[in-house]
Each structure stands twice: as structure tokens, then as C-alpha cells.
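Subject: Structure for your review

Dear colleague,

Please find below the structure that I am handing over to you. I would be grateful if you could look through it alongside the notes that come after it.

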Amino acid sequence: MKTLVVYDSAYGNTKTIAEALASGLGRKAAAVPVDRFDAGSLKSGDLLVVGSPINGWRPTLKITQALADLAARGPAGVRAAAFDTRLKLFIHGDAAKKMSRALKDAGASIVASPMAFYVKGSEGPLLKGEVDRAVAWAEKLRAGLKDRGSLGDA
């Protein structure tokens, strides 16, 4: 079973969260830039976590295209979750929710509610404690999958 955290990052904040998630998900997890993601490499039982900064109220175009490519291949049996990085504002858009919906519509099994991680200013940095929140969320994902007997010793 493979665990991938696929991300796009404009200023490095989403990359930092993706790397923290991969660390929290275990030794078999890898953070992969969207440009290097091969949707055809996923198999039933794999875990895919997708992340993007909010860009015009939605995920970046690269992430949107990667999700479309994934949908065309039919990710049956792939488990998935989504996150975004955003400003902490009342009105901000919700890229994670849109990505989660796209993953579900493509046929992936959603294993967690969409997650937001916060940045200070449009270019960051991440707010204090966000990396720790990412690791904690990853550990929660891992524990939940392990309890269902599907993550092994990832």
C-alpha cells in the first residue's frame, strides 16, 4: 500500500504542510509535487492526500487538472483526504472541500473531512502551530485507517 501527499504550492506553505503530513503518516508516505504525480500509479488500498493553496476561491489549476486525470482513471478503492492553506478570514473560499468532492465524484473513498491550515498574509508564513496541527491530523488519519485494518505499518 502506498501513501502519497500530492500538493501544489505557491510560496512553500502548502509544501511545508504536505511534508509534515507525510512525516505524520509514516515511513512509507511521500510528499509529491503535483508536477511529479502519476495518477496511474495508484492502486486500490492506497491513501491519497491532496493539498492546494486557495487560488481564486478554489484549488490551483494544476491540482484541478491532476484530479481530472485521476477521475479519468477511476480511482476505485483508493482512500483520500484533502487540505488547503488559506488566510484566516471569514470569507476565503474552500479549496479542500472542492478537492474532497472531486475525489469522491471520481470514485475515491473519503476518509476524513477536508482540513484547512492557516497562513499569515497571502504569502505566509504559516501561523504558529500549523505544522504541529498537520502532524496531528496525519497521525489521526493513520490511526483511523489502521483501526480499520487497512494501513498496515505505513
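The notes below set out what was found, feature by feature.

Please bear in mind throughout that this is a predicted model.

Helix packing

I begin with two helices, H2 (residues 61–73) and H3 (residues 95–106). Their axes lie 9 Å apart, and the helices pack at an angle of about 15°. Because angles under 35 degrees count as roughly parallel, H2 and H3 are therefore described as roughly parallel to each other. The crossing in which H2 passes H3 is right-handed. On the H2 side, the contact is made by Ile63, Leu67, Leu70 and Ala71; H3 contributes Met99, Ala102, Leu103 and Ala106. Sorted by class, this contact of H2 with H3 comprises eight nonpolar residues, with no polar and no charged ones.

Helix H3 also holds arginine 101. With a relative accessibility of 45%, arginine 101 counts as partly exposed.

Aromatic pairs

A pair of aromatic rings is described by the distance of the centres and the angle of the planes. Searching the whole structure gives two aromatic pairs. One of them is formed by phenylalanine 83 and phenylalanine 117, in an edge-to-face arrangement with 5.9 Å from centre to centre and 75° between the planes. This pair links distant parts of the chain: phenylalanine 83 belongs to strand E4 (residues 79–87) and phenylalanine 117 to strand E6 (residues 115–119), 34 residues apart. Phenylalanine 83 has a relative accessibility of 0% and so counts as buried. Phenylalanine 117 is likewise buried, with a relative accessible area of 0%.

Phenylalanine 117 also forms an aromatic pair with tryptophan 137. That pair is edge-to-face as well, at 6.2 Å centre to centre and with 65° between the planes. It too links distant parts of the chain, joining strand E6 to helix H4 (residues 130–147), where tryptophan 137 is located, 20 residues from phenylalanine 117. Both phenylalanine 117 and tryptophan 137 are buried. Phe83, Phe117 and Trp137 form one aromatic cluster.

Alanine 112

Alanine 112 is found in the loop between strand E5 (109–110) and E6. Since its relative accessibility is 15%, alanine 112 counts as buried. From C-alpha to C-alpha, alanine 112 is 16 Å from alanine 18 in space, while the two are 94 residues apart in sequence.

Backbone features

Most residues other than glycine have a negative phi, and most peptide bonds are trans. Which residues are joined by a cis peptide bond? They are glycine 124 and proline 125, with omega at about 15°. Proline 125 is found in the loop between E6 and H4. A positive phi, near 75°, occurs at tryptophan 57, a residue other than glycine. Tryptophan 57 is in the loop between strand E3 (47–53) and H2.

With kind regards

Conventions. Residues are numbered from 1 along each chain as its sequence is written. This is a predicted model: local features need pLDDT of at least 70, side-chain atom pairs count only at pLDDT 80 or more; totals for chains, interfaces and linings use all residues. Side-chain values use heavy atoms; hydrogens and water are left out. Axes are lines fitted to C-alpha atoms, for helices over the stretch in contact, and angles run from 0 to 180 degrees between N-to-C directions. Helices (H or I, at least four residues) and strands (E, at least two) are DSSP runs, numbered from the N terminus. Angles under 35 degrees count as roughly parallel, over 145 as roughly antiparallel, 65 to 115 as roughly perpendicular and the rest as oblique. A crossing is left-handed if the near helix is turned anticlockwise from the far one by less than a right angle, and right-handed if clockwise. Contact means heavy atoms within 4.5 Å. Ala, Val, Leu, Ile, Met, Phe, Trp, Tyr, Cys and Pro count as nonpolar, Asp, Glu, Lys and Arg as charged, and the others, Gly among them, as polar. Rings of Phe, Tyr and Trp (its six-membered ring) pair if their centres lie within 6.5 Å; planes under 30 degrees apart count as stacked, over 60 as edge-to-face and the rest as tilted. Buried means under 20% relative accessible area, exposed over 50%, partly exposed in between (1.4 Å probe, protein chains only).
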